[in-house]
Amino acid sequence: MHNPWLDEHPVEYGDFIIETDIPERAASLAEYLGTESAFNYVFYRGHLKDAEKYGYVHADSPLRPHSMPIAASNLLLPIAWPLFLQGSPNYVFIPTSVSRVAAGAPEDARTNKKVAILDSGSIWPWHPVASGAEITASSFVGDAPLDAMGHGSWNMSAAYLGEAETRFGLVRGVAHASQVYSASVLSPFLTGRISHAMKALKEAVGWGAKVVLIPLGSEQQGPVETDPFCRVISQLPDDVVVVASVGNSGRAWSVESPAVCPRVIGVGAYSITDGAESYFSSRGPSGAWYETHQDVWHADLEKYGPSLK
């Protein structure tokens, strides 16, 4: 199908060039297609016939949170989940002050580096673990930037914040950061897409974050050289470190994007009580797309080496 817009705007989309007019042209293309753009990528929802003809046009896939069980009543999860499990012989609550030691975190882990997290929103500012931290919070899904379902609060406090005594013991973050940027890319009802996360990533890096935690993911879209998350992350400044959870599928060949990307530190789940990888953690050797494209997988493995998960 002939597209007159492309005749007037002959440009290849996908290069991470923030200082040019490529993002504006991508936004113009997004408006023409009735969709939206993030960075200079154009995302569509549903099916777009002959999508490849538009250049770097990708499905705006839903984001999936990774780090804690999700109940139907997400708004009540921070309260209902521990109350429901308390006293159950099948569950042991291990406070983060213990798990951080098991992970090998140093005793004094204070940092003055700016850090960021992309999740369901910021921990509430009057929470005791947030004391002393300067928190900047933004929302990319139209809701308030404060967490309303527990996922973002848990990850933010476990990764970056201070300590507090609770009925489950002492909770303490792996690193105690003084400046944290929290980007809400998941609503309380878990609606969020990769375009939201990529916009948030741009803002976080622009704010000055040197470490970005992404405890969520989405389906891998092609090899790492064309997957939208991987392309963007590969061209971030060298001093920016991105950490992402691999997923919760519990099977092989199920690492999600962006954890699958070579520039990303992918993190799986570990059971302290079992002394082994958690049964629900996604497993490698890489993402689902590579499982059905073994020739590309072997070629990329030779190119990127162990960094290709």
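Glu107, Glu163 and Arg172 are linked in a network of salt bridges. A salt bridge here is a side-chain nitrogen of Lys or Arg within 4 Å of a carboxyl oxygen of Asp or Glu. The structure holds seven of them.

A word on the source. This is a predicted model, where local features need pLDDT of at least 70, side-chain atom pairs count only at pLDDT 80 or more, and totals for chains, interfaces and linings use all residues. Residues are numbered from 1 along each chain as its sequence is written, and side-chain values use heavy atoms, with hydrogens and water left out.

Next, lysine 303 and glutamate 225. They form a salt bridge, with the closest N and O atoms 2.1 Å apart. This pair links distant parts of the chain, 78 residues apart. Lysine 303 sits in helix H9, residues 294-304. Helices are DSSP runs (H or I, at least four residues), strands likewise (E, at least two), numbered from the N terminus. Lysine 303 is exposed, at 54% relative accessible area. Glutamate 225 is partly exposed, at 33%. The cut-offs: buried is under 20%, exposed over 50%, partly exposed in between, with a 1.4 Å probe and protein chains only.

Now the rings. The whole structure has six aromatic pairs. Rings of Phe, Tyr and Trp (its six-membered ring) pair if their centres lie within 6.5 Å; planes under 30 degrees apart are stacked, over 60 edge-to-face, the rest tilted. Tryptophan 124 and tryptophan 126 are edge-to-face: 5.0 Å centre to centre, 70° between the planes. Tryptophan 126 is exposed, at 62% relative accessibility. Tryptophan 124 is partly exposed, at 36%. Elsewhere, ring pairs link Trp253, Trp289, Tyr290 and Trp297 into a cluster.
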